[in-house]
Amino acid sequence: MKRIKTPLNKKEVENLKVADEVLLDGIVYTVRDIAHKTLVEIIRKKGEMPFDLKGQIIYYCGPTNTPKGKIIGACGPTTSSRMDEFTPILLKTGLLGMIGKGRRSKKVIEAIKKYKAVYFLTYSGCGALLSKYVKKIRTVAYKELGPEAIYELEVKDFPLIVAIDSKGGDIYA
Amino acid sequence: MRRIYDYQIKELVKKLCIQANTVLRRDVFAALKSALKKEKNKIAKRILSAIIKNALIAQKEGLAICQDTGMAVIFLEVGQDLKITGDLYKAIQEGVRQGYKKGYLRDSIVDPILRNFLDFNPAVIHTEFIKGDRVRITVLPKGFGCENKTKLRMFNPTVSLKEVEDFIIETVRSAGPDACPPFVIGVGIGGTADYACFLAKKALLKKIPNSKFQIPDKSKFSNFQIFKLERKLLDEINKLNIGPMGLGGKTTSLAVNIITYPTHIAGLPVAINISCHVLRSATEVL
């Protein structure tokens with residue numbers, strides 16, 4: 001079992017191989033459909049990003065509301081392919097990792113290879129279990145979007161499987 | 001005439017929304033446990049264990065099993081001899097809203113054009129009338145990872161059963177890892193286009209047979225044919241090697257549930273509605 005920490009560095013990412021099981025400590029940013037569209041618009045207009053993408057991991061996740069006494073509600077991954085059209089430009093801007101569920105497009109795989117990034121899977125449909133690995137949550141931007149807002153999650157021992165590695169190897173190929 | 005009030009309906013719907021989203025259906029849970037026993041693939045076993053652990057945590061702590069608490073689909077079966085006082089549909093929608101709020105579920109519902117109206121409802125309501133003076137209410141929260149993989153095809157009446165089977169298997173194959181396997185496959189065959197889609201969704205409510213399940217009476221020939229078709233499709237789907245999270249193994253589907261209805265001489269609608277492994281529903285009679 002490998003261990004990684006955020007922010008990621010290129011060397012660490014290049015050591016990860018398809019099907020490796022990894023535990024993650026550090027920060028992930030939840031960004032899904034609408035927030036992806038927004039971030040890409042900001043990049044195109046050279047505007048100010050709500051957080052620095054360099055070396056960071058985006059988690060495709062929209063948590064439930066937070067029950068009383070909990071840090072976060074259920075927070076499993078959503079379908080990654082819906083983000084495919086936005087991913088290459090985020091990778092170009094410095095993003096190094098993504099967590100989600102399911103397959104990615106050819107263009108995304110090529111971009112992951114080009115920018116030496118990594119795409120992880122985590123247990124899909126296991127939002128209650130995954131909430132146990134989240135230690136802190138902070139709203140970064142777009143609070144009005146509710147579950148589609150950008151949240152910063154501090155995670156410990158978050159379980160991941162490498163699905164696409166920096167050489168373009170794909171677990172679903 | 002037996003009488004009930006709209007607030008009783010509201011309270012029941014509220015309870016069922018929370019229950020469905022936090023307590024995994026017993027037949028689904030049993031099917032997952034039995035799949036774990038039979039599965040040989042190491043990673044598939046690990047994922048199935050995580051899925052089972054997830055359901056236990058959710059139930060114990062009252063957490064949503066999955067963060068996608070779905071769009072609530074309500075199956076309302078109203079006894080024709082029952083008098084309901086008040087506004088029935090309003091009570092259901094209010095029950096959904098209150099249940100999702102109280103259960104800390106996710107506000108996933110938006111206006112389809114503006115896409116900006118965030119809330120917990122409205123739900124989709126299917127109403128049918130039945131005999132008697134009771135009302136049977138089922139809440140099925142449907143996540144969209146799997147709902148997005150829905151397919152409808154209008155076949156020619158001369159189509160072979162083999163072509164229909166291939167369509168079902170191909171739909172499962174193309175849903176693949178994205179829709180959170182292991183699945184339950186709801187299939188509606190017959191009726192009209194809209195009715196086949198309704199039957200496919202309703203088929204998800206059919207209980208998954210357990211290992212002690214009795215094979216149906218051969219004398220009920222039509223049922224037996226459907227049962228045989230369900231078993232055959234399940235076997236073939238589980239040979240696709242998709243497996244939990246699409247990472248391989250023989251647990252691609254927990255069940256194939258088919259409902260049929262007579263159709264027109266000129267066609268054969270076949271609809272497929274896939275459920276992820278978090279197949280949730282809760283039912284109660286009032």
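In chain B of this predicted model, helix α1(B) passes helix α4(B) in a right-handed crossing. Helix α1 of chain B covers residues 6-22 and helix α4 of chain B covers residues 88-102; their axes come within 7 Å and cross at roughly 40°. From α1(B), the contact includes B:D6, B:I9, B:V13, B:C17 and B:N21. From α4(B), the residues taking part include B:L88, B:A91, B:I92, B:G95, B:G99 and B:Y100. Sorted by class, the contact of α1(B) with α4(B) has 9 nonpolar, 4 polar and 6 charged residues. Among the residues in this contact are B:K10, B:E11 and B:K14 on α1(B), along with B:E94 and B:K102 on α4(B).

The contact draws 39 residues from chain A and 35 residues from chain B. Together the two chains bury about 2900 Å² between them, and 58% of that area lies on carbon and sulfur atoms.

Polar and charged links also join the chains. Across the interface of chain A and chain B there are 4 salt bridges. In a salt bridge between the two chains, the side chains of B:D178 and A:R103 meet at 3.5 Å, N to O. Polar contacts between chain A and chain B come to 19 residue pairs, counted with both residues at pLDDT 80 or more. On the side of chain A that touches chain B, helix α5 (residues 127-130) gives the most, with 3 residues. That side of chain A divides into 16 nonpolar, 15 polar and 8 charged residues.

Conventions
Residues are numbered from 1 along each chain as its sequence is written. Chains are lettered from A and ligands numbered from 1 in the order in which they are written. This is a predicted model: local features need pLDDT of at least 70, side-chain atom pairs count only at pLDDT 80 or more; totals for chains, interfaces and linings use all residues. Side-chain values use heavy atoms; hydrogens and water are left out. Contact means heavy atoms within 4.5 Å. Buried area is the accessible area (1.4 Å probe) that two parts lose on being put together, summed over both. A polar contact is a pair of N or O atoms within 3.5 Å; within protein, one must be able to donate a hydrogen and the other to accept it, and residues adjacent in sequence count only if both atoms are side-chain atoms. Helices (H or I, at least four residues) and strands (E, at least two) are DSSP runs, numbered from the N terminus. Ala, Val, Leu, Ile, Met, Phe, Trp, Tyr, Cys and Pro count as nonpolar, Asp, Glu, Lys and Arg as charged, and the others, Gly among them, as polar. Axes are lines fitted to C-alpha atoms, for helices over the stretch in contact, and angles run from 0 to 180 degrees between N-to-C directions. A crossing is left-handed if the near helix is turned anticlockwise from the far one by less than a right angle, and right-handed if clockwise.
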